[in-house]
Amino acid sequence: MGRMHILALALLAALAVSALVAPGSEGSGDADGLLIYEINPKGEYEGVSVFNYGASAVDMADYSLYDGYGYITFSGKLIVEPGQRTTFCSKASADDQFSGRDRVYTSGTAGVTVDGKFELSNSGDRVYLLLGDAVVDAVCYGSKTIEDASLWSGRSVPVPASGFIQRIGAFDSDSADDWSVYMPGKTSFPFDPDRRYEADVTPFTFPESGGIPVYRALESATKTVDISIYLISSGNVYGLLAELEGRGVEVRLLLEGNPVSPKITDFLSQIRTVADAGAEVRMINAGDADSRYNFAHAKYAVIDGSTVVVTSENWAVANMNGKITKDPYSSKNNGNRGWGAVVKSAGYSDFMEGVFENDFDTSYGDTVDFLEKYPNSKPATLTYTSPSHSGDFKTYHTEVIPVLSSDSSYEAMRYYISNCTERAYSQNQSLTSYYANLGESSPVMMMADRAHDGVDCRFMLSSEATDAENQIMLINSSTLVKAATMSTPYLHNKGMVLDDVAWVSSINWTPTSIEKNRECGVAILSGEIADYFAGFFLADFERYYSYDGISVDISEIKSPYRSGEEATFSVTVKPVGTYTYVWDLGDGSDPITSSIPRIAAKPADGAHVLKVTVSDDKGHVKTVSKDYSVIDDGDSQSGPWLYLAPVIALIAAVAAVLRRHR
């Protein structure tokens, strides 16, 4: 081969590669776990931070940040370790909450260059994280939007009145749902499945336990009791806390200052009794400053720095009646359906003590001293009656992982549900907003994805939840998740069984609970404890599950299909039986009727909606739909062909040159 032949072929190879990875394309997609983490558009210390959600260190040398006008680039070796945040600011001050942190870089430090055109607008802007020329992550806030649906969907992130915007968790839906407003003192612990603490765990349920394990754990205190809880209405619990303080135990109590119902003012006399006994009592969301959380909805206690009690239930009169209940379905007055765990673990206790200290701190202005808020409250006369029955509660040695809202509970939920291979059970008091609509971000749809792969997925919702019956019907008919409502006892639980993981928490399946509240949960890595809670769940489920219709799931569809290509579509229907299937391809062609759950067809080019109507001889009919598209490979918008066209032309030109050279 002559020298010109070699040069020509080398040129063609280089051009072909560059054509397939076009600037701004999605070619680089995977960014080693690096995502935009925070944006601070206001004040003189504006800037952007990134967070490494991956498992390996990332060198930012090949990355840049772009706001549509200017760039932040990195000429030196700047490493972002796993689980680490790195911030880039116009300038920094030790007194500023955004720039006065660790790993903050300004222009000219560590090879960082901030282009003079990179200026974040107070009213709205777009920020892109680039790897080479490819967009890895994108965010828009305020008045600016991103029209490219592959980079962003829906509304922009609202501009905060104060503070700055921060990513909620590692799951990136490329929408405003991933973001919240950061407030000083609002924790942001990322979920870490390797943050495991060895523990001895005693599981229990409400109403069966009558709260006895909680009483026994509190009674055992010799040094300290720190409690953060949405609501205590049990006078017996207040009586015990006053008694503990009286015998030298240092009691600190953090209550939600504005619970919805009943009101905090209904219990002022009981709280005052505990405060007068010497306990340090504070209320969060009761100060003059903006609140860090919509509600402090957690229910946990840290005892002697060695034991943590976590419950789904408030410590209410019925829940904490101190009596063993053998028939939980006999009356709503026995207490709610809920779960709890007593976790003896120095490591986990230390972690939760840090969370408590953060929220108990009055320096942020939203947490205030009870006696300052209600100086004229009058104490009640309280005594404590210890439960006469000790109960039979077994303890298991295992490991536990903390889960927190608004930090990263959604990420933790997605991690455990998506990794299920056998069972995924969930009981929840609430399912609201876009979670109830079964959009892509709904936890129910996480379960539906696993059900599609044969995992036994079951969901229970309180019968008193908003539009509960219609929500359950939607889940049963349009997914393979089996769903039921529960009436007695009142379902207040927020627990899950995910293979051999038990999830005990205060976290409802609502955007507020996951994204805006202070919530506490614990993932218990024990097949025995998972089986323990699964037994109670299945007893509830079998009692209340009554769906006798059909469930339909579109199980085979891809997008895009190629023009003229034979496309195949399948559905899965439960229960197994004989059905008639009517397939509307949505492309203007006549519907196709079949007796099997699969068809092959050649749809017309374009964006379509597949609708499949399934019916049986008992009168059950269900229609499901899903978007798909058919593209012409010659279309100018068809991926790499747009960039290969000039390469093909160049090949012809070079071939002509070679012929002339010969």
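**Helix packing and nonpolar cores in a predicted model**

Just after helix α4, G278 adopts a positive phi of about 120 degrees. The structure is a predicted model, in which local features need pLDDT of at least 70, side-chain atom pairs count only at pLDDT 80 or more, and totals for chains, interfaces and linings use all residues. Residues are numbered from 1 along each chain as its sequence is written, and side-chain values use heavy atoms, with hydrogens and water left out.

The chain holds 13 helices and 36 strands, where helices (H or I, at least four residues) and strands (E, at least two) are DSSP runs numbered from the N terminus. Along the principal axes, the C-alpha atoms fill a box of roughly 105 × 75 × 40 Å. Of the 662 residues, 53% count as buried; buried means under 20% relative accessible area, exposed means over 50%, and partly exposed lies in between (1.4 Å probe, protein chains only). Among contacts (heavy atoms within 4.5 Å) between residues at least 6 apart in sequence, 72% join residues at least 24 apart.

The buried residues are L268, Q270, I271, R272, T273, V274 and A275, and their cover includes α3, β16 (250-256), β17 (280-284) and α6 (370-373). The axes of α3 (residues 235-246) and α4 (residues 268-276) come within 8 Å and cross at roughly 15 degrees. Here axes are lines fitted to C-alpha atoms, for helices over the stretch in contact, and angles run from 0 to 180 degrees between N-to-C directions. That crossing makes α3 roughly parallel to α4, on a scale where angles under 35 degrees count as roughly parallel, over 145 as roughly antiparallel, 65 to 115 as roughly perpendicular and the rest as oblique. The contact brings G235, Y238, L241 and A242 of α3 together with Q270, I271, T273 and V274 of α4. By class, this contact has five nonpolar, three polar and no charged residues; Ala, Val, Leu, Ile, Met, Phe, Trp, Tyr, Cys and Pro count as nonpolar, Asp, Glu, Lys and Arg as charged, and the others, Gly among them, as polar. The crossing of α3 with α4 is left-handed, a label used if the near helix is turned anticlockwise from the far one by less than a right angle, with right-handed used if clockwise.

Helices α7 and α9 form another packed pair. Helix α7 (residues 409-418) packs against α9 (residues 443-452) at an angle of about 15 degrees, with the axes 9 Å apart. The two helices are therefore roughly parallel to each other, and their crossing is right-handed. On the α7 side, Y410, M413, R414, I417 and S418 meet P443, M446, M447 and R450 of α9. Six nonpolar, one polar and two charged residues make up this contact. Helix α7 is mostly covered, with seven of its 10 residues buried: S409, Y410, E411, A412, M413, Y416 and I417.

The nonpolar cores come next. Such a core is a set of buried Ala, Val, Leu, Ile, Met, Phe, Trp, Tyr and Cys residues joined through side-chain atoms within 4.5 Å. The largest has 43 residues, and V201, Y300, V310, Y348, M352, V400 and I524 have the most contacts inside it. Helix α12 (residues 527-544) supplies the largest share of this core, seven residues. A second, separate core of 41 residues includes F204, Y215, L218 and V281. With neighbours within four places in sequence set aside, Y348 is in contact with Y197, V308, V310, V343, V400, P402, C520, G521 and V522. S349 lies in helix α5 (residues 346-360) and is buried, at a relative accessible area of 0%. Beyond four places in sequence, S349 contacts V302, G305, S306, T307 and V308.

Two partly exposed residues complete the survey. S121 sits in the loop between β9 (112-114) and β10 (124-131) and counts as partly exposed at 26% relative accessibility. Apart from residues up to four places away in sequence, S121 touches P41 and Y141. K611, in strand β35 (residues 606-615), counts as partly exposed at 43% relative accessibility.
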